[in-house]
Amino acid sequence: MTRVRSLTVAAAGLLLAAAVPLLGTAHQAAASDNGQSARPAMGWSSWSFVRRTPTEAKIKAQADALVSSGLKDHGFVYVNLDDFWQKCDSNGFTVDGYGRWAVDTAKFPDGIKGVADYIHSKGLKFGFYVTPGIAKNAVTKNTPIEGTSYHAKDIADTSRTEKNYNCKNMYYIDYSKPGAQEFVDSWAKQFASWGVDYLKIDGVGSADIPDVQAWDKALRAGGRPINFALSNNLPIADAATWRKLANSWRTQGDVECYCGPGSNGSGYPLTDWSHVSKRFDSAASWQQYAGPGGWNDLDSLEIGNGDQVGLTADQRRSHFTLWSMAAAPLLLGTDLTQLDPVDKAMLTNDRLIGVDQDGVAAKRIVSSGVKQVWSKKESDGQYVVALFNTGTSGNATVSVDWSQAGFSGSGDVTDLWSGSHKGVIADSYSATLRPGETRLIRVKPVNSAKAAAASPGFAVAPYEYLGWGSPQSPTSVMSATGVKWFTLAFVLSDGTCNPKWDGSRPLTGGSDQSTINAIRGAGGDVVVSVGGWSGNKLGEKCSSASALAGAYQKVINAYRLKALDIDIENTEWSNATVRQRVVDALKTVKANNPGLKTVITFGTTSGGPDSTGVDMIKRAADSGLANDVWCIMPFDFGGGTTNMGSLTTKAMEGLKARVKSAYGYSDATAYTHIGLSSMNGRTDDSGERVRVADFKTMLAYAQQHHIGRLTYWAVNRDRACGSGTDGDACSGVTQQPYDYLKVFTQYTG
């Protein structure tokens, strides 16, 4: 099948949880565009348990445990070395020849790079720690600033002392002085050369905004992608600044209680309920600032070592639930070498992880004494609702009306901690909870027509190709139409089993990533489409299903995707071996990425899938692939004055019948697993036109049957032609900009 969307590709050479655009993006703060932390970071930090005595052996042991326990496979990938890696003397931090903190080689004989290399060898990422300012010893020795003619005394403000929790004796940096930015640059380059993937800057307050700006600039120029985190207890008055400059920010002081028997309150217990429950108010206050690229950090997750951490099992579940509802980083603070089996089951509950990784920060909708209810809506129209009893004595019955969550009528309820299906519940939900207990549920409105109005999400996600057709700014499209998601095309093979945009542009660090960051910064998200008609196909270039799954995983990891579209056409489509390879690879990635939505998009006849399409669906069903949406491209039917709206619905009924038969679905379920990707205006067949009226027919069909996808090729073409007739950049029919998209954006699932 040929299409305009594929013809120029040859010339050019391009969720764990439910789908994910932001809920409640009332704030106007721009997100950091450094390309990091599309979803909240997950991993482990040394401070809570290891605290002031980190060593190379201890950090490596925790990294080993992260892998051997299986936590890595559930997304916990950062191993973060916090404070006390440095060496001190009576004047504060000892420094290297350029005034930067010196590593305590007694603790880290292989140096920081040696530790980072070991962690990377485990398939993990390495996090590190610093505070603002310049060390007193650097100023006393007047060390040179690397690569410049300046020295420490040239940039230090010795009248002011920075906050530091270890060796103290840190002076402010005067950023009006030449050499100041270069000093931070040299430090950032050193960290990049050591292999740092995550950098926490501690002791940050409003007075340190110049430092945060300098570090942001330095990290961007350092030659290595680094997740940039700020700590601690940052003032909310500067929230917009933190969001613009960093990828996370601590909203309160430490979650640790410092009430253990060891020095400085170290040892068990690590925390207590009062230190955890204080986070409810801060999470509510900061909610509006969370989103892709920047997250409200509630501090470490103290789960892993059972009751001895200072929390009951109920309190630990509430702890995890609040962090997940807030879409906060999940950085464990416990001893992973001594995992408690009850806690391991908590931490490997992918339903909970999915709630955190959906990238939506929940709102608090009930706060009455010890009773709290939090809710967030995900773009597939489902709601996640958490009920809490925050008290320390006495049961409490906590209730929520569905109208408070955002919809009316009945909801189909699933308990996310247990995974049990609770059935359809009308109007409201109640739970009697023990002290510190939580109930976390996913609710699907039974009558989606009664759901609160919402911007279209994954179900619509129009295609846009950024490599040709004078592509519009996606954020401008969002403003003009209300659309939130886009399907960006195409990822192809670079000639090997390696994915690149158009087979030539890198997945990260380029204009494609900047565009995705901008979409997410505006409250939206993306589906990435792999394949298309032309170019080298991953399904063919990857020699096995496992290799193909690895290539798909690279794409998923690059953007922490919640949805992936496999547009399988041309030679990929006609090769039965490749079709089976795609099926098997998708089974693997769905198993490794709980909640990931997969779409398989392919051509069709006017009566539904042809024999190849029928074979593809049957292969998938027989192989156990729980594909989310089978999406046909209902056009190129032969030209003329055909009523494309009617033919599309006929093709969809044929698709529904095939999916129903292969999977044994009911009619209602089969409809939710099918979709269409039409073409607007002139198609590839001479004389064939898909008109706005046809889109309205498709919309009515979608609304009647609640299909899984209603999209089209392409945003690039959703405008009238100018002096030329470039089919890549205009529809070829008389229209106003986005007439077609404005029809489909009325669809809410």
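Trainee: With 1% relative accessibility, is W501 buried or exposed?
Mentor: In this predicted model, local features need pLDDT of at least 70, side-chain atom pairs count only at pLDDT 80 or more, and totals for chains, interfaces and linings use all residues. Residues are numbered from 1 along each chain as its sequence is written, and side-chain values use heavy atoms, with hydrogens and water left out. The term buried means under 20% relative accessible area, exposed over 50%, and partly exposed in between (1.4 Å probe, protein chains only). The relative accessibility of W501 is 1%, so W501 counts as buried.

Trainee: How many aromatic pairs does a search of the whole structure find?
Mentor: Rings of Phe, Tyr and Trp (its six-membered ring) pair if their centres lie within 6.5 Å; planes under 30 degrees apart count as stacked, over 60 as edge-to-face and the rest as tilted. Across the whole structure, the number of aromatic pairs is 35.

Trainee: How far is it from centre to centre in the pair of F695 and Y712?
Mentor: F695 belongs to helix α24 and Y712 to strand β32, 17 residues apart. Both residues are buried. They form an edge-to-face pair, with 85 degrees between the planes and a centre-to-centre distance of 5.5 Å.

How values were computed. Helix = DSSP H or I, 4+ residues; strand = E, 2+ residues; numbered from the N terminus.
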